[in-house]
Amino acid sequence: MIKYRVNKTKHVDQTKTVSFDFDGKSYHGFDGDTLASALLSNGVHLVGRSFKYHRPRGIMSSGSEEPNAICQINENTDLTEPNVRATEIELYEGLKASSQNCWPSVNFDIGGINNFISPFIPAGFYYKTFMWPKNFWKKIYEPLIRWSAGLGKSPTKPDPELYDHKHVHCDVLIIGGGISGIIASKIASKNNLKTILIEDKNILGGSTIFQKNENYKINNKYSGEWIDEEIAELKKLDNLTIKTRTSLAAYHSYNYLLAKENISDHLPLDKRNGDIRQRLWKIRADKVIVATGAIERPLVFNNNDRPGIMLANSVKKYLDFYGVSCGFNNVIFTNNDSAYETAVSLKEKGISVEIIDIRKKSNSKIVKNAEKLGVKIYWNSTVVNTFGHRKINSIEIMNLSEDGSNIVGDKNKINCDCLAVSGGWTPMVHMHTQSGGKLDFRENDQTFIPTEIDENHINVGSCNGDFELEEIINNTNKKVKNFLKVSETEFDNTSVLNSKELDKRNIWLLPNYISEGKCKSFIDFQNDSTAKDIKLALREGFKSIEHVKRYTTTGMATDQGKLSNMHALGIIADTAGVKMGTLGTTTFRPPFTPLTFGSIVGRSVGKFFDIIRKTSIHEWHSQNNAKFENVGQWKRPWYYPVNDEGLHDAVQRESKAARDSAGILDASTLGKIDIQGTDSSEFLNRVYTNAWSKLGIGKCRYGLMLNEDGMVYDDGVTTRLGENHYLMTTTTGGAANVLSKLEDYLQTEWPELDVYLTSVTDHYSTASICGPNSKKILTKIFPDKDFSDEAFPHMSYQNAKIDEINCRIMRISFTGELSYEINIESKYGKSLWEKCIEVGKEFKITPYGTETMHLLRAEKGFIIVGQDTDGTMTPIDLQMDWIVSKKKYDFIGKRSLYRSDTIREDRKQLVGLLTDDPNEVLEEGAQIVSDINKKPIEMIGHVTSSYFSPNLNKSIALAVVKSGKKMNGQKLIVPMENKKINVIVSDTVFLDKENKRINA
Amino acid sequence: MFLINCPYCGERDQSEFSCGGEAHIVRPKQPTELSDDQWAEYLFMRKNIKGIQFERWNHAHGCRKWFNMVRDTSNDKIYAVYKMGEKSPIE
């Protein structure tokens, strides 16, 4: 076996072996490796297949920009995770990883056939192909696309891990722990600023930490050694918090940032101990310094995607940081000086390397250094083809023409097992643009660099377009000093030695002797979009970069175009003959790297997902077998099954009991607003449609509240407790919104009114007792009270006491029965309820839930706002004209009731429906038609409430129907899937039109 | 995520607030005297500009007070906050 681990470094502990599995095969790496470096040390380059053509792909980079080496980890466990970048995951004992997007295996993948039919599946293939024949869609195309879509497998079981959120404030947040981030952190924290430094790797130092080249020295030390000392000092600083393994996800306005910290992802599964896996930091920083560095660009040439083709700086990192040589017969293909550092590193370790440079010359120190070491350099040359199926084995090169637009001369074949490419550097401006910053295009090295706009945020280092060591150190120092208003720092007199790059040449799409249509020059490696696809999109008329991106899917893979966007832009600019700077960029959206759902939701899972509100009587309901339904955040008893009763039987029994003897309902969840102040009556006049001034103290009145557009918003009974004191009730779901709306009017439209609103929903519990025997039950509970109709008439209220506890009794009814509501301080709610049940036993008092309540009120034709109304119903539509005051000058929504639209007679209006077959119960939501023969069939309305009434022994329904008011007695049809149901329009009140029961 | 300077409470996170749309639209004192068009102007017509916009905000999870804000919708810069009934410090 060939030994690729050629070098000992301090970052990988070669005494600690770590074993892991990849695609079912066991390998060894060392403590400090990533999955990628461990695989490379075993000579494994081929790690995945591309998305569209299923071409073999290898590890390309060493960081978050990796497009190819994405794996499924810990498959078949609860913890499995797709799309994990092998270059980012730290190796741990027992890690199991596997390739994605290949079947049956990465070495032999049937999908690879797509590579051979690729001329037939160009960009936009999906849009063009799956159009016909039409009947192929459901059975063939859709299942096929679904099978082949997506990368990796989602976990199927609930996530067993714990996630956390943390809010922090700081004076200065520094993003990126490379050389400029370290300088900035030191200046900030030494100037008494509370500073946080976040770094996505497990150690600080960026790419400087493995730099040991005589051309790059700081204060006469190798830059790698210098930065080691700086880091050691940094760790001693008091007001600096260093967060490693923490990646910035989003940079929002006003310096609000989200960062994800990996806490246990790097530990073996058996050492995680149920600790928090990831923590999402929510940071509000006074000032932000972005030091996110730059990403190396690949080059675009034919077959530039084979395993073994890597980024040049990553090859250097694998060698100098991890001690792994990616090949023994290396070729470097570059357009700039930085790749020469890789060449020098390789050569110094005795590893073979040659360089192909598209430039005509370069006289910098680092190039001379390479030449002196005997590295062969092919100037003014380009790679035109590569060979090797599962790993690169050779390349063909040719000379470039004078202007670089073509190739000249003969082909020259060179054998290699690793091709390290470098197309220059792209500043990571994602954070800057996410925060709202703009970009400028710099012609000389074809980069977009940030322009500062915000006084509370700067960019330093190579993310700001400073690529040379001297620039980085001096400019960072200078900018941070200005930004933090510091007069002097320890970096003021730093002596820096570096090689300066003087010669530049950039060609976005390298020329070839093979015709363009036959070249596979990849731009987006994961999504397989090529230069040819971009040009096709332009030919087909796409002009905007955002459109080209979506049509070709360039930049839409899991790496979000980190390696591909610049080339796509460059090729568009070259093809269209425009300046690249005028094209703009695609939008950089958060997150910068994918976030787990776990980290987004944090602890808000399971019972913490939403607030659960329970009434004080909840325990009793549970003990008495109640089934609950959610009403907003409330848990309300839905029905109380006896023995093995279902919903229908229970509701029939409960409804009958409430009308025949007595029923009791927990009405505590209704919204309650306490209204006080000298203008309370005037206020109610303005918010309800009916008149309130003349309501006597001790009386109750039903009110309907509209929106300013005239549509019904809420309803409820309000009681006048005193001269300037009312208690308003609202619907359960509307309580919070009604309070907000009323507050809004009071604060903004009518600040002159002396009115105070307080929500008292939670303060009182309410037991509502109804039925012909309710008066007897109340008399037993309150023996001193006179419940005669004269002393205590319908729609009135009285104070009373149970044992020494004050209660309010309202004689109001939502069921059409004689009915009383007892309100008591919530802490006594359960004992009140138990007392009612105890006393009511001899009358067979029956607890009923929301379903029975709905049925009872429907028998009486009472509406439920939100069920029989939907925000498009006026009181007139509801046939409730009686509640709209004609005398009042104004109330909310009044003017809208006679707009041209609201006075239309063919609006949908509330009606009753009776089925021809009294046992046929309509479905709520069912459509209603009048003429079934005239096509297209006109839907004239729908059913809003529907029940089988045990008291009337027939099916009843409420519905909204166009011009329904005029239709009483008319026959209509409710067409269902298998049948037509004949109905007749009726009055909305089905039971006791004379109100005998309420006044019984 | 804005940092909003509530005129009653001071700087708070945007998550405590809710936006109530365009500011300085006064409810007509005599709605019944308005034509359908005039009423519709009050009821439905709202500006949605790119640039400086006057907005109503409510410190919903705080003091529950309504106030006004001047915000540039193109970059979310907040130029002023002021109480209901007060004149905007910015024209």
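Let me start with the contact between the two chains: between chain A and chain B there are 21 residue pairs in polar contact, counting pairs in which both residues are at pLDDT 80 or more. Please keep in mind throughout that what we are looking at is a predicted model.

On the side of chain A that touches chain B, the element that gives the most is helix α19, residues 735-749, which supplies 8 residues. Sorted by class, the residues on that side of chain A comprise 11 charged, 8 polar and 8 nonpolar. The rule also finds 5 salt bridges across the interface of chain A and chain B, and one that you can look up in the structure joins the side chains of Asp744(A) and Arg56(B), with an N to O distance of 2.7 Å.

As for extent, chain A brings 27 residues to the contact and chain B brings 28, while the area buried between the two chains comes to about 2,400 Å², with 44% of it on carbon and sulfur atoms. Within chain A, the residues that lose the most area to chain B are Tyr254(A), Tyr889(A) and Arg895(A), and together they account for 28% of what that side buries.

Let me now turn to an interface inside chain A. The chain is divided into six stretches or sets of stretches, namely domain 1 (1-159), domain 2 (167-294 + 427-497), domain 3 (298-423), domain 4 (515-591), domain 5 (666-856) and domain 6 (904-1000), and I will take up the pair formed by domains 2 and 4.

The C-alpha centres of domain 2 and domain 4 of chain A lie 30 Å apart, and 13 residues of domain 2 are in contact with 12 residues of domain 4. Together these two domains of chain A bury about 950 Å², and carbon and sulfur atoms give 76% of that area. On the domain 2 side, His430(A), Gln434(A) and Phe448(A) lose the most area to domain 4, together 47% of what that side buries.

Definitions and conventions: Residues numbered from 1 in each chain as written. Chains lettered and ligands numbered in written order. Predicted model: local features only at pLDDT ≥ 70, side-chain atom pairs only at ≥ 80, totals over all residues. Heavy atoms only, no water. Domains from an automatic or database assignment. Contact = heavy atoms within 4.5 Å. Buried area = accessible area lost by both parts, 1.4 Å probe. Salt bridge = Lys/Arg side-chain N within 4 Å of Asp/Glu carboxyl O. Polar contact = N/O pair within 3.5 Å; in protein donor to acceptor, adjacent residues only side chain to side chain. Helix = DSSP H or I, 4+ residues; strand = E, 2+ residues; numbered from the N terminus. Nonpolar A, V, L, I, M, F, W, Y, C, P; charged D, E, K, R; others polar.
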